[in-house]
Amino acid sequence: MRGFFVFIRIIFASMKSENRLRLLLAWAVLLCTEISVLAQGVVQDSALVREVRMEDTLRPVPWNIAVWDGESFRNESSEDRVLSVPIGSARVGVSALGSPAWDFSLGLLGSSIPVGVPYWMNAVREIPQDWNVRKGPLPVVDWVGESAHGRGQEFGVVASASPKYYQHFWIDFRRLQMSGGLLTEDHFRDRLQTAFWGRDSARRWNYSVQVGLQRTVDGEAGGVVDVAQLTEAEFWQPNRDLVTTRWSQAERVGQSGQVRAEWIHVRSRLGVELNWSHNRSGFQGSGLSVDSILYEVLDIRVVRTDGARWSEPALRGFSVIDVLPKVRSSWSAGVRLINAEYWESGVWNRSGQVPRWSPVGSWEFPGRRNRLRADVDLLGQAVEFRYGRQKWLDHGSNPWLELELAQRWTMPWQGSVVSHVRSGVLNVTPWKQLVIRAQVSSSDPMLSVADWSDASATWVARDSWAMLGADLKGRVNLSRNWSVRALAQGRWASSRQLGLAPGFGELGLVYAAKIPNLYPGMRVQFELQGQGWTGGWQRPVWVAEKGLFGYSQTDQRMLSGGLVHAAAMVYLGEAQLGVIAQNANQGWIPNTVFVAQNYPVPPATIRWFLRWRMFE
């Protein structure tokens, strides 16, 4: 580099003064041209830090499909279009395919929210961010499905279309019908999610409508009476249909619906937002415990939004320049009406700590380095505050530090042992693969039973507690085709009542290769995956009457254990097919794993699954 500057100095010394000026002017013009070209080539990834300077008249690019990630639309990546093994990370099914799963990351921390009830944090302005809606100029239809070795199937279709580049439709329908691992157990679910959003041709108004419906029917077995039939060689019963269960016929039914509508003025970003949800569930079977809940919420607000949901640059030929416009806050103010009831002793009851109506509001500042958000429920005395700190180039998409402080009222079905719960959560991400989490809480409600067969589960006050955890996740490429994926979790809990395993890990060996000679674009992938956990922590109880996990007063420690899965997948362009041997180490000999007390995990099962983008 020093020699380069000496060379430039020698050249300038030998030139006349007017030639020096001409050369400097030529370099300045060239540099400005390069900066302009680079600025126009910048890909828009955040509506908060880009400014649209010019819109051309090109038709929408047909292959540009955008996916909503909760904050903005991003171009559909290759991972969005690739089939993956249908096993949730750090999760193990309780008893059957389609049954609830135990989450080793949370334990009993998030176990008191049945039937997907929204607004359980009371103050928070609910936004269905988990709806991965998509938009694109051309209609797109994806078929998805899986079948499980004579135990049933799940299938569905996802369709999206944009009749105009500023109007979009999206539909997602799924049906699950599975028989369980025990004779009297089965699961059925219908789920429909739809969305329509866009703007008028005059660019005056933005609108959005989202509708979700779900119906579930779960036939419960109540658990295995004598676990020796599945664990001891002397009493082992290889046919699970002949294993004695607690109930011969019991059913839990749930229904839920949700509607969200927005009408926003484009120029001022002011508008009206409406959210309505209806949730109802009930259990019939055991005469000692018939539990039903009804929870309805109507939330109406005047809002000032950021407009990210109606962004269009990902679909059209926009020219953008990387500038930093003024950061504007968003807010909302309105009223929330709540009807919360639970069934007890033959009558519907209301909880005193649940307000029938309350003024609510929220405020959010999406700063480039600091993000702030506050939500308030006035009469319910609930509040939540969030702070996020991110690196300068992340534009708020990946904060390395997040702090959350909240106070909420307890739900009506949680009894009256505690009126309000105060909590704090701190997440620190020193680097992408490592997440450190600390959480504290005041006394909160906990579902408690005398033992696994107790039909009179009650809510008790759990003492204030603290938790500290770390998650390490990464992938190492061994060669061009071989790679290893790993996940390690560590948890420290101040109380056994949190149901947290001290250690949990996943390890996967993956082989992926192209087979171009048989079919254009053909790929194959083989995976061998293992899940394992440490022992010594209190094994949870699945309270089927309430559809929740609970804590047993009878001491039953979890043993160290694990599960093994093997999968193979074939990719033929947009047609993708896979097969998996799930829980391959279970059920063949008396070594059945029980994650929840007296509920055996599904035996070794062969499942096939597919994904096909029918046309695009």
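The secondary structure of the chain comprises three helices and 36 strands, where helices (H or I, at least four residues) and strands (E, at least two) are DSSP runs numbered from the N terminus. The model is predicted, so that local features need pLDDT of at least 70 and side-chain atom pairs count only at pLDDT 80 or more, whereas totals for chains, interfaces and linings use all residues. Residues are numbered from 1 along each chain as its sequence is written, and side-chain values use heavy atoms, with hydrogens and water left out.

Of the 616 residues in the chain, 45% are buried; buried means under 20% relative accessible area, exposed over 50%, and partly exposed in between (1.4 Å probe, protein chains only). The accessible surface of the chain amounts to about 30,300 Å², and carbon and sulfur atoms contribute 59% of it. Accessible areas come from the Shrake-Rupley method with a 1.4 Å probe, and for residues only the protein chains shown count as cover. Among contacts with a separation of 6 or more, 63% are between residues 24 or more positions apart, a contact being defined by heavy atoms within 4.5 Å.

Side chains of opposite charge can pair when their charged atoms come close. A search of the whole structure identifies 25 salt bridges, each defined as a side-chain nitrogen of Lys or Arg within 4 Å of a carboxyl oxygen of Asp or Glu. One of them links R260 to E262, with the closest N and O atoms 3.3 Å apart. R260 is buried at 2% relative accessibility, and E262 is buried at 5%. Another salt bridge joins R371 and E364 at 3.4 Å, N to O. In this pair R371 is buried at 14% relative accessibility, while E364 is partly exposed at 24%. D375 and R373 also form a salt bridge, their closest N and O atoms lying 3.0 Å apart. D375 is buried at 0% relative accessibility, and R373 is buried at 13%.

Most residues other than glycine have a negative phi. R203, which is not a glycine, has a positive phi of about 60 degrees. R203 is located in the loop between β10 (186-199) and β11 (205-219) and is partly exposed, with a relative accessible area of 38%. R269 likewise is a residue other than glycine with a positive phi, near 65 degrees. The loop between β12 (251-265) and β13 (270-284) contains R269, and R269 is buried, with a relative accessible area of 13%.
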